[in-house]
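I opened my notebook to record what I looked up in this structure, entry by entry.

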Amino acid sequence: MEGQGVVTCGKWIKRPENVNLVVLGKSFKGNSSKSILEIFSFDSETASLSSTPLTVHVMEEGEPVGVAVHPSGDEIVCSTTSGDCKLFELSSRETGTKLLSKELACLQGVGVQKCIAFSVDGSRLASGGVDGHLRIFEWPSLRVILDEPRAHKSFRDMDFSLDSEFLASTSIDGSARIWNANEGVPGTNLRRNSDEKIELCRFSKDGTKPFLFCTVQRGDKAITGVWDISTWDKIGHKRLLRKPASVMSTSMDGKYLALGSKDGDLCVVEVKKMEIRHWSKRLHLGTSIASLEFCPTERVVLTTTPEWGALVTKLTVPKDWKEWQIYMVLLGLFLASAVLFYIFFQFSDPFWKIPVANQPERPGFDSGLGDSPASDDSTWGPFGPLDM
């Protein structure tokens with residue numbers, strides 16, 4: 001993949017049967033070649049991308065700026081330097097994989113879109129322009145939910161909440177806003193101190209902790225702040241990367257948060273304890289990481305920079321339990337419980353060995369003390385039923 005254009009953006013594509021692909025946008029600056037979109041396959045055994053793309057689409061004009069992939073994995077929206085956004089349908093058949101270009105009239109001639117994202121449930125598409133213009137559409141009808149020309153001075157980052165109700169966005173001037181993506185109205189501005197600049201934002205995705213993570217530059221210190229989305233109050237912060245971050249991402253299950261630095265470092269944090277579990281120093285030596293995303297099904301991340309291209313990194317984090325392993329543990333517990341019950345039943349007191357009518361009693365153990373006296377209350381022992 002090296003020497004074949006400059007990688008400008010990249011995203012994972014989750015396909016059926018846990019198949020993962022990667023889409024990369026490439027430009028050929030300084031020559032007459034046109035920019036392209038390439039689709040690569042991913043090998044989970046070797047944690048690597050295929051050496052050759054499955055398909056290549058030549059773009060007629062403009063260079064890729066960013067891409068958004070629909071959760072279904074069937075549609076891709078690409079923003080370009082020409083001021084248009086392109087829509088592609090990913091078709092995978094026996095004859096091969098293809099990118100089919102489709103019309104996206106609502107995002108033609110809108111200027112360069114710095115941020116573009118689908119909601120988690122795929123029902124919303126949002127775009128934030130270099131000019132600060134925010135647009136939120138219903139998908140796939142493209143009904144306009146929100147059209148705000150003065151949302152920000154200029155967009156820096158955006159992210160949808162897990163339930164797709166909220167959209168968080170940040171500006172190059174250090175401000176951050178929350179939008180109601182269902183009603184198309186602004187929610188609130190995140191409060192910050194006069195010496196703080198909010199730069200990147202990501203919602204928690206585990207479904208139990210309703211938090212918003214933001215990287216904050218406080219003077220010469222870089223911190224990661226946490227906001228409670230029920231009140232939008234800041235509840236704490238921690239120094240994780242300890243240097244300015246250029247990109248941030250959360251895993252699909254919400255267990256991990258990743259930060260990429262402006263000099264090429266990568267750290268991955270366990271959200272539950274807010275502790276670093278993986279650190280790759282000089283992953284993209286001396287360059288700012290442009291894009292960062294977790295693989296949908298593996299503990300692997302995709303990072304891109306114009307200088308070093310696309311890299312796939314396997315994370316050194318604790319292995320997750322597989323579904324079949326959980327079932328085996330449950331089966332083992334069930335069998336162990338059955339064995340313990342059988343042993344308890346065989347060697348327990350006569351109380352548990354109530355004779356069944358018309359059937360001979362089980363032979364008991366000879367204790368050497370002789371037979372116990374017969375009684376109608378023998379089930380309760382010599383003292384009769386106890387009054388509790």
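**Entry 1: the core**

I looked up the largest nonpolar core of this predicted model, and I noted that it has 15 residues, of which Leu190, Leu212 and Trp232 touch the most other members. The elements that give two or more residues to this core are strand 15 (166-171), strand 16 (176-180), strand 18 (196-203), strand 19 (211-218) and strand 20 (221-228). I then listed the contacts of Leu190, leaving aside neighbours within four places in sequence, and found Ala176, Ile178, Ile198, Leu212, Cys214, Trp227 and Trp232.

**Entry 2: aromatic pairs**

How many aromatic pairs does a search of the whole structure find? I noted 4 of them. In one of these, the rings of Phe118 and Trp139 have centres 5.0 Å apart and planes at 85°, so I recorded the pair as edge-to-face. Phe118 sits in strand 10 (residues 113-118), while Trp139 sits in the loop between strand 12 (134-138) and strand 13 (144-148), 21 residues apart, and the pair thus links distant parts of the chain. Phe118 counts as buried at 10% relative accessibility, and Trp139 counts as buried at 8%.

I also looked at Phe203 and Trp232, whose ring centres are 6.4 Å apart with planes at 75°, so this pair is edge-to-face. Phe203 lies in strand 18 and Trp232 in the loop between strand 20 and strand 21 (233-238), so the pair ties together parts that are 29 residues apart in sequence. At 1% relative accessibility Phe203 counts as buried, and at 13% Trp232 counts as buried. Ring pairs join Phe166, Phe203 and Trp232 into a cluster.

I traced an open sheet of 4 strands in the order 6-7-8-9, with antiparallel pairing. Its edge strands are strand 6 (64-69) and strand 9 (96-102), each of which pairs on one side only. Strand 6 and strand 7 (residues 75-80) pair in the antiparallel sense over 5 bridges, and I found that Val77 in strand 7 is the bridge partner of Ala68.

**Entry 3: Asp195**

Is Asp195 buried, partly exposed or exposed? I recorded Asp195 as partly exposed, because its relative accessible area is 44%. Asp195 is in the loop between strand 17 (185-189) and strand 18, and it touches Gln217, Arg218 and Gly219, not counting residues up to four places away in sequence.

**Entry 4: confidence**

The protein averages a pLDDT of 88, and 86% of the residues score at least 70. Over residues 365-388, however, the pLDDT is below 50. Where pLDDT is low, the predicted coordinates should not be read in detail.

Notes:
Residues are numbered from 1 along each chain as its sequence is written. This is a predicted model: local features need pLDDT of at least 70, side-chain atom pairs count only at pLDDT 80 or more; totals for chains, interfaces and linings use all residues. Side-chain values use heavy atoms; hydrogens and water are left out. pLDDT is the predictor's confidence in each residue, from 0 to 100. Contact means heavy atoms within 4.5 Å. A nonpolar core is a set of buried Ala, Val, Leu, Ile, Met, Phe, Trp, Tyr and Cys residues joined through side-chain atoms within 4.5 Å. Buried means under 20% relative accessible area, exposed over 50%, partly exposed in between (1.4 Å probe, protein chains only). Two strands pair if DSSP finds at least two bridges between them. Rings of Phe, Tyr and Trp (its six-membered ring) pair if their centres lie within 6.5 Å; planes under 30 degrees apart count as stacked, over 60 as edge-to-face and the rest as tilted.
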